[in-house]
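Let me put the thing up on the screen and then walk you through it.

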Amino acid sequence: MPTILVVDDSAVDRRLVGGLLEKVATFNVQYATDGRDAMQQFEVCDPDLVVTDLIMPEMDGLELVGNVVSQHPLVPVILMTGKGSEEIAVKALRAGAASYVPKNELNNLLVQTVNDVLTVARGDRSQARLMDCMVRNECTFVLKSDESMIPPLINYLHRCVRSVGLCDETNSVRVCVALEEALRNALHHGNLELASSLREEDNNKYLDLYEERRVTSPYRDRRISIEINVTPESGSFVIRDEGPGFDPRELPDPTDPANLEKATGRGLLLMRTFMDDVAFNKQGNQVTMIKRSKPSKNGST
Amino acid sequence: MDGSIFFSADTKGNVLVVTLLRSVGSIAENDARDEWADLLEQADDEGIQHVLLDFTALHYFGSVMLEWMVTLWKKLREREGKLAICNVSSVGREILHTAKFDTLWDIHESRDEAFSSLGDAA
């Protein structure tokens, strides 16, 4: 029986929502009075789905969505929206909420929405279980100059690195930091040929040029290829852009006190810190990053 | 509640308390940029002297966030304000250490400790 956590600071509304769920369907309904209480309830009742009000004291619905997405990514959140909270609801959906139900439509829509979202969540969980069976992953992605593709790729690679068993959660986050920096370098400084020095001079000019180049030839036609080979022993990540390349030796040391306030070189520094090997080709438009498994004392990675 | 999805801000005495809600991956992300610009404006308010950044909800961040923190810090420095940071994950601490930013800013275990470090904060 799925457990639904109903979050609302109004006792009357909690009873109303809980009553609707218990009356029509076979749900185990649990309650929390605000976002903070809800996060504590996660430890107690391990919910399959959260139905939350938006406006609450302590931690509101939007902040709750952020916390659930980051800490319990497989648990969907449905928002209950009142009149005047549409704009916030849109932001919550963009922040990762699964769906929303207007408060004046709870009678008609709540149970159906909960059932629909639970069906999708079951599929997500099956997918996650399947990913846990992965023992090796070798694949190639080719991305357009579309920055919105980077977060889902990072999420996939995070899951891949964990599933294959290359490293533990902390090290897989380190890998993701390095990959994210490398991908953004390839897009911004590689394919779009945007210089960090321009960002230091005038951030708005940098952004204007970013917007212009991502829709202008030849920049918009360039691609980023990502070749991945992950085994339990090591991960190889080759990221290649189609820009003119650069000489990494020319980058200033961002940890030199004289450069601490500059924008240049920090991404590469993080890549070198969190990967075991980082090497560029001669042209400087391809980086190969290696992460090796480091067995701990008890044999796990 | 102001509908922010990347940062939530609250004022406590002369301290602007900012909770980071989700990772900022790109300076080209309009919502994040707009929200950060709003925060910089709030930090400019007459009654604000210091800023406290609470990383509780953020596992990690990258060079974009570091760059934005530098911008904020430079602004505070102009009026002898401080930047205090708290509840940073282990990876987050590594990132700050790698960039040598732990030499610029104090990193605290808790929000209370960060408040205490700001001394004259109300």
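So, look at α10 of chain A: its buried residues pack against α7, β9 and β10 of chain A, together with α2 (63-78) and α3 (90-98) of chain B. Quick note before I go on: this is a predicted model, where local features need pLDDT of at least 70, side-chain atom pairs count only at pLDDT 80 or more, and totals for chains, interfaces and linings use all residues. Residues are numbered from 1 along each chain as its sequence is written, and chains are lettered from A and ligands numbered from 1 in the order in which they are written.

Helices (H or I, at least four residues) and strands (E, at least two) are DSSP runs, numbered from the N terminus. Buried means 20 or more other C-beta atoms within 10 Å of the residue's own, exposed means 12 or fewer, and partly exposed is in between, with C-beta atoms placed from the backbone. Contact means two such C-beta atoms within 7 Å.

Back to α10(A). How many of its nine residues are buried? Seven of them, so the helix is mostly covered. Those are R266(A), G267(A), L268(A), L269(A), L270(A), M271(A) and F274(A).

A178(A) takes us to the core. By nonpolar core I mean a set of buried Ala, Val, Leu, Ile, Met, Phe, Trp, Tyr and Cys residues joined through C-beta atoms within 7 Å. The largest one has 110 residues, and V51(A), A178(A) and L52(B) have the most contacts inside it. The element that gives the most to this core is α7(A), with ten residues. Domain 1 (3-130) and domain 2 (137-292) of chain A both contribute, so the core lies between them. Those domain bounds come from an automatic or database domain assignment. The centres of the two domains, taken over C-alpha atoms, are 36 Å apart.

Now the contact between the chains. Here 34 residues of chain A are in contact with 26 residues of chain B. On the chain A side, α3 (61-71), α4 (86-94), α6 (150-164), α7 (169-191), α9 (203-213) and α10 (266-274) each supply at least two residues. Which helix gives the most to that side? That's α7(A), with seven residues. By type, the chain A side divides into 15 nonpolar, seven polar and twelve charged residues. For that count, Ala, Val, Leu, Ile, Met, Phe, Trp, Tyr, Cys and Pro are nonpolar, Asp, Glu, Lys and Arg are charged, and the others, Gly among them, are polar.

On to the sheets. In chain A there's an open sheet of five strands, order β6-β7-β8-β10-β9, with antiparallel pairing; two strands pair if DSSP finds at least two bridges between them. At the edges stand β6 (137-143) and β9, each with a single partner strand, so one side of each has no neighbour in the sheet. Neighbouring strands are turned by 10° against each other on average, direction ignored. For angles, axes are lines fitted to C-alpha atoms, for helices over the stretch in contact, and values run from 0 to 180 degrees between N-to-C directions.

Within that sheet, β7(A) (residues 224-230) and β8(A) (residues 234-240) pair antiparallel over six bridges, and E227(A) stands opposite V238(A) in β8(A). Lying across β6, β7 and β8 of chain A is α6(A), at about 15° to β7(A). Meanwhile α7(A) packs on the sheet too, touching β7, β8 and β10 of chain A. At the other end, β9(A) (residues 277-280) and β10(A) (residues 286-292) run antiparallel, joined by four bridges. A279(A) has T288(A) as its bridge partner. Five residues sit between those strands, and G284(A) in that hairpin takes a positive phi near 85°.

Chain B has an open sheet of five strands as well, order β1-β2-β3-β4-β5, but the pairing is mixed.

Last stop, L79(A), in strand β4 (residues 77-81) of chain A. Why do we call L79(A) buried? Because 26 other C-beta atoms lie within 10 Å. Beyond its neighbours within four places in sequence, its contacts include T52(A), L54(A) and Y100(A).
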